[in-house]
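Hi there,

Here is the structure I promised to pass on to you. Please open it first, and then read my notes below.

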Amino acid sequence: MSDKVLSLIRWAILLRHPSLSYWYWKVGHYKRIPNPANPQTANDKFFWRKIFDRRPEFTEISDKLLVRDWLKRNSINIEGPPVLWSGTDPADIPDHLLSGGVVVKTNHGSRTNLFLQEAPPNRSAVNRKLRKYLRKPHGRKKLEWGYFGVSRKLFVEKIIPNMGAEFKIFTFGKRVERLQVIYDRFSEDGIFADVWLPDGQGGWRLFEGSPEITRNANRPMPETTQQALDVARQIGDHFDHMRVDILTDGRNLWFSELTIYNLAGMIPIVGRDPAEGVNTSWDLQKSWFMQTPQSGWKKLYADRLRKVIASADQA
């Protein structure tokens with residue numbers, strides 16, 4: 001299978017998924033033609049993951065409820081915030097559970113969380129909003145297929161008191177190449193965040209650029225950072241890449257979620273740079289697609305890609 005055929009597969013994907021290809025072309029205002037057949041950047045690898053890496057577990061771990069079973073089954077020693085109720089009809093949620101200090105979530109997507117610090121004045125309006133959340137499909141436009149098979153539910157989760165920070169830890173096997181810390185989720189001033197990168201000497205350096213999602217916090221790492229990194233590496237060891245989200249109150253840790261497609265399948269700024277650790281540490285040969293026997297043209301493609309990756313590693 002020649003590199004000309006790799007090129008043919010690349011263009012076949014781009015033509016088969018024009019909207020997604022256009023999104024990857026313009027993401028970050030970089031305007032480069034993506035290469036999901038022979039990915040050279042982290043963003044390209046997200047595109048590749050959507051097309052080829054259909055790992056069956058991805059649907060389970062995309063489900064914000066079932067992922068807890070995955071953690072237990074794999075002996076990951078971290079608990080999530082208590083789930084007080086789950087179901088498919090918001091009218092079934094007992095009133096006393098919505099009296100405050102909870103968040104109502106859907107299990108199948110993002111931006112469908114309803115934080116309640118006190119009882120809502122209009123329960124009917126809340127029910128309508130939650131039904132709308134349940135109806136909302138997630139990931140269709142950007143081919144985040146891991147969410148497609150999730151059986152949609154609502155659940156009520158206790159808000160962790162005095163939650164000081166959220167870790168978003170980018171793992172590549174046991175390696176961590178990016179650590180994002182979000183602060184002040186419930187502050188009237190809005191959230192702040194810092195991005196930390198490995199300093200090449202076993203420590204961390206604060207990324208001087210913008211975290212993209214909000215303003216820089218410029219704070220020291222939380223005291224629980226090493227604990228969070230240890231848990232994330234234990235989870236990351238099961239995957240070629242996974243973003244692990246963990247909550248902390250400064251003393252304890254709680255599991256939040258696993259994210260297969262960061263920001264729908266991209267990393268701001270560094271995700272387009274072939275030399276960045278988020279690309280060089282992402283070894284596609286450890287993916288489900290490359291480690292699972294394929295057939296037909298996919299087998300020929302996987303064999304060729306494996307040779308191309310090996311050749312690049314030796315260069």
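**Cavities and salt bridges**

Arg-68 and Glu-157 form a salt bridge, with the closest N and O atoms 2.7 Å apart; the term stands for a side-chain nitrogen of Lys or Arg within 4 Å of a carboxyl oxygen of Asp or Glu. Before I go on, please note that this is a predicted model, in which local features need pLDDT of at least 70 and side-chain atom pairs count only at pLDDT 80 or more, while totals for chains, interfaces and linings use all residues. Residues are numbered from 1 along each chain as its sequence is written, and side-chain values use heavy atoms, with hydrogens and water left out.

Back to that pair. Arg-68 lies in helix H5 (residues 67–73) and Glu-157 in strand S4, 89 residues apart, so the bridge links distant parts of the chain (helices, H or I with at least four residues, and strands, E with at least two, are DSSP runs numbered from the N terminus). Arg-68 is buried at 17% relative accessibility, and Glu-157 is buried at 6%. Here buried means under 20% relative accessible area, exposed means over 50%, and partly exposed is in between, with a 1.4 Å probe and protein chains only. Lys-105 joins Arg-68 and Glu-157 in a network of salt bridges.

A cavity is a set of points, on a 1 Å grid over the protein atoms alone, where a 1.4 Å probe fits but cannot get out, and lining residues have an atom within 4 Å of a point. Strand S4 (154–158) and strand S11 (253–259) each give at least two residues to its lining. By class, that lining has two nonpolar, one polar and four charged residues; Ala, Val, Leu, Ile, Met, Phe, Trp, Tyr, Cys and Pro count as nonpolar, Asp, Glu, Lys and Arg as charged, and the others, Gly among them, as polar.

How many cavities of 30 Å³ or more are there? The count comes to three. The largest has a volume of about 80 Å³, and its lining includes Tyr-24, Trp-25, Arg-32, Asp-44 and Arg-272. Helix H2 (18–26) and helix H3 (42–52) are the elements that give two or more residues to this lining. It has six nonpolar, two polar and three charged residues.

Two of the lining residues, Arg-32 and Asp-44, meet through their side chains in a salt bridge of 3.1 Å, N to O. This pair, too, links distant parts of the chain, with Arg-32 in the loop between H2 and H3 and Asp-44 in helix H3, 12 residues apart. Arg-32 is partly exposed at 24%, whereas Asp-44 is buried at 2%.

In total, the structure holds 16 salt bridges. Another of them joins the side chains of Arg-55 and Glu-57 (2.6 Å, N to O). Arg-55 is buried at 13% relative accessible area, and Glu-57 is partly exposed at 24%.

Glu-60 is buried, with a relative accessible area of 19%. Leaving aside neighbours within four places in sequence, Glu-60 is in contact (heavy atoms within 4.5 Å) with Leu-66, Val-67, Asp-69, Trp-70 and Arg-73.

Best wishes

Definitions and conventions: 1 Å grid on protein atoms, 1.4 Å probe; cavity = no way out; pocket = protein on both sides within 12 Å on 5 of 7 lines; lining within 4 Å. Points joined across faces, edges and corners; volume = space filled by probe spheres on them.
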